[in-house]
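Please consider the sequence and structure shown here. The briefing that accompanies them is organised by topic.

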Amino acid sequence: MNIFNDLNEVEKLLGEELGKSAWKKVSQSRIWAFGRVTNDNQWIHTNTLMAKKFSPYKKPIAHGFLVLSFIPSMLNEIYSIKSVKMAVNYGLNKVRFTAPVVVNSRIRASLALQEFKRLKNGAKLILEVTIEIEGESKPACVAEQVILLYE
């Protein structure tokens, strides 16, 4: 984990990678739970027998929004800023799901600081988050996350 004292240290890293999270396994039980919570029980995610028979991947794949939901915990593993008292998820500018995450794959996030804008008592950051799939050349997801940080 990269630990920064304040926003001045972070601002200097504009255009650079801030780090990578640990690998996380995307299990079938997690996929089933996400499907139940979101009421998205499409067979490509939840039915192992149909996936084996009809899917080109021969296994269930994770929901794109499940993959996206890993971002907050992964970012918490990548960096921390001591002076920040509150962080607000302001939203996403762009999200692309570029490759499927097959059940039991491992994913991790890499993070780059795309934009830094000073605000009263803080800053607005645009972070490029790339969710990698272990052993695959294409990422599962690329997203621009906007975060407001207050000191």
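Predicted model: local features only at pLDDT ≥ 70, side-chain atom pairs only at ≥ 80, totals over all residues.

**Helix α2**
- Helix α2 spans residues 28–38, and its buried residues are Gln28, Ile31, Phe34 and Gly35.
- These residues lie on the same side of α2, because they cover an arc of only 125° around the axis.
- Exposed residues Arg36 and Val37 are carried on the face of α2 turned away from the buried side.
- The cover over the buried residues of α2 includes α3 (43–46), α4 (48–54) and α5 (64–69).
- Asn39 follows α2 and has a positive phi, near 60°.

**Pro60**
- Pro60 is located in the loop between α4 and α5.
- With a relative accessible area of 4%, Pro60 is buried, since the cut-off for that class is under 20%.
- Setting aside residues up to four places away in sequence, Pro60 touches Gln28, Ile44, His45, Asn47, Thr48, Ala51, Val101, Val102 and Val103.
- Asn47 is 13 residues from Pro60 along the chain, and the C-alpha atoms of the two are separated by 6.9 Å.
- Gln28, among the residues touched by Pro60, is also one of the buried residues of α2.

**Glu132**
- Glu132 belongs to strand β7, which comprises residues 122–133.
- Glu132 counts as buried because its relative accessibility is 18%, and the class requires a value under 20%.
- A polar contact of 3.5 Å joins the side chains of Glu132 and Ser110.
- Apart from neighbours within four places in sequence, the contacts of Glu132 are Lys20, Trp23, Arg106, Ile107, Arg108, Ser110 and Pro139.

Methods:
Residues numbered from 1 in each chain as written. Heavy atoms only, no water. Buried < 20%, exposed > 50% of the residue type's maximum accessible area, 1.4 Å probe, protein only. Helix = DSSP H or I, 4+ residues; strand = E, 2+ residues; numbered from the N terminus. Arc of directions from axis to C-beta. Contact = heavy atoms within 4.5 Å. Polar contact = N/O pair within 3.5 Å; in protein donor to acceptor, adjacent residues only side chain to side chain.
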